[in-house]
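Thanks for coming. I will go through one structure, strand by strand and then helix by helix. Please have a look at it first.

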Amino acid sequence: KMLNKKKLENLSFPKFIRTLKDIQDISITRSLMNQIIEEIEFSGKILDIGGGRKSSYISMFNNLEYISVNIDKKILPDVLVTENQKFPLEDNYFDACLLFNVLEHIYDWDFIFNEIKRLLVREGKIYIIIPFIYPIHGAPNDFKRVTGSYLKKFLEIKKFSDIQVFPIA
């Protein structure tokens, strides 16, 4: 069945085409995540927990001070740590913290969010992308799936403010 011209004009394919090009190198999920990240205007000093020089989105931070922390040396983080090791970074230094597809791999959320509170400046921001309905995957472990409601409540209890959750479906 043919689409009428009016309906066809309302369809937008750039993200679809972009994803088709990306899947030669990265997963569909990773492509969609990168497209979301590209819409955010980051500024200041960025702390990327779970990232590194091999992250698919690293080029988006070329003009910013970017420091990555990870337990996986294969990702080429700036700071290699062990699980639940205090990050050897200056308190109240970072303007933003990235947690992209990493929280499901962290068992002790209290520890990680206490570290984030310590490292962020007073008005610092946290950007979180976390899968909900997604296959269990290791890196090295996969512990938890949460809803947006859970994440918001958890952050409120940890005394974070101005929390906005945008489910991606």
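Which residue in β3 does Asn70 stand opposite? The residue opposite Asn70 is Leu80.

Before going on, the conditions. This is a predicted model, where local features need pLDDT of at least 70 and side-chain atom pairs count only at pLDDT 80 or more, while totals for chains, interfaces and linings use all residues. Residues are numbered from 1 along each chain as its sequence is written, and side-chain values use heavy atoms, with hydrogens and water left out.

The protein chain has 5 helices and 5 strands. Helices here are DSSP runs of H or I with at least four residues, strands are runs of E with at least two, and both are numbered from the N terminus. In sequence order the pattern is α-α-α-β-β-β-β-α-β-α.

Now to strand β2, residues 65-70. Strand β1, residues 45-49, runs parallel to β2 and is joined to it by 5 bridges. One of the pairs is Leu47 with Ile67 in β2. Strand β3, residues 79-80, also pairs with β2 in the parallel sense, over 2 bridges. Pairing requires that DSSP finds at least two bridges between the strands.

How many of the 6 residues of β2 are buried? The count is 5, so β2 is largely enclosed by the rest of the structure. Buried means under 20% relative accessible area, exposed means over 50%, and partly exposed is in between, with a 1.4 Å probe and protein chains only. For the protein chain of 169 residues, 36% count as buried.

Ser68 lies in β2 and is buried, at a relative accessible area of 0%. Beyond its neighbours within four places in sequence, Ser68 is in contact (heavy atoms within 4.5 Å) with Asp48, Gly51, Gly52, Leu76, Pro77, Asp78 and Val79. Across the protein chain, 54% of the contacts with a separation of 6 or more are between residues 24 or more positions apart.

Last, the helices. The axes of α2, residues 14-22, and α3, residues 28-38, come within 9 Å and cross at roughly 130°. Axes are lines fitted to C-alpha atoms, for helices over the stretch in contact, and angles run from 0 to 180 degrees between N-to-C directions. On the α2 side, Lys15, Arg18, Thr19 and Asp22 take part; they meet Ile28, Ser31, Leu32, Asn34, Gln35 and Glu38 in α3.
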